[in-house]
Amino acid sequence: MKNSYVFIGIAAMALATYAIRVLPLTLIRKEIKNKYIRSFLYYVPYVTLAVMTFPAMIYATNSLVSGLAAFIVAIILALKDFDMFKIAVASCVVVYLVELFV
């Protein structure tokens with residue numbers, strides 16, 4: 001009896017995942033011209049990446065303080081147009097120094 005619930009759950013999740021991917025392709029055939037919807041769709045990949053990356057970055061360190069310090073340094077350097085390698089190195093150095101002294 002329990003196994004049937006597991007298979008029903010898996011089937012429901014597969015159906016939901018499939019529907020999310022197929023329905024937009026079948027229902028929306030014309031180009032989207034609304035500028036608000038286009039701008040929303042433009043930022044979806046960036047938001048998804050940020051939502052996946054931010055918690056991993058904060059909790060990958062031994063303390064929350066070092067993760068937040070590295071995040072703040074990374075944001076500041078990114079706003080000053082540093083390249084990604086320098087930002088990553090600076091964030092690693094900040095984590096090391098904060099965890100060394102805290």
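## A tour from one loop to the next

Select Asp81 to begin; Asp81 is found in the loop between helix H3 (64-79) and helix H4 (84-101). Helices here are DSSP runs of type H or I with at least four residues, strands are E runs of at least two, and both are numbered from the N terminus. This is a predicted model, in which local features need pLDDT of at least 70, side-chain atom pairs count only at pLDDT 80 or more, and totals for chains, interfaces and linings use all residues. Residues are numbered from 1 along each chain as its sequence is written, and side-chain values use heavy atoms, with hydrogens and water left out.

Stay on Asp81 and look at its backbone. Most residues other than glycine have a negative phi. Asp81 is not a glycine, yet its phi is positive, at about 65°. Is Asp81 buried or exposed? It counts as exposed, because its relative accessibility is 70%. The cut-offs are under 20% relative accessible area for buried and over 50% for exposed, with partly exposed in between (1.4 Å probe, protein chains only).

Next, select Thr61, in the loop between helix H2 (35-59) and H3. Thr61 counts as buried, because its relative accessibility is 18%. Show the polar contacts of its side chain: these are pairs of N or O atoms within 3.5 Å; within protein, one must be able to donate a hydrogen and the other to accept it, and residues adjacent in sequence count only if both atoms are side-chain atoms. A polar atom of the Thr61 side chain lies 3.3 Å from the backbone oxygen of Ile58. The side chain of Thr61 also reaches the backbone oxygen of Ser63, at 2.7 Å.

Which residues does Thr61 touch, not counting those up to four places away in sequence? Select Ser66, Gly67, Val95 and Glu99 to see them. Contact here means heavy atoms within 4.5 Å.

Now zoom out to the whole protein. The protein has four helices and zero strands, in the order α-α-α-α along the sequence. The radius of gyration, taken over C-alpha atoms, is 21 Å, well over the 13 Å that the globule rule gives for 102 residues, so the protein is more spread out than a compact globule. That rule is 2.2 Å times the number of residues to the power 0.38. The C-alpha trace spans about 55 × 50 × 20 Å along its principal axes. Finally, colour by burial: buried residues make up 12% of the 102 residues.
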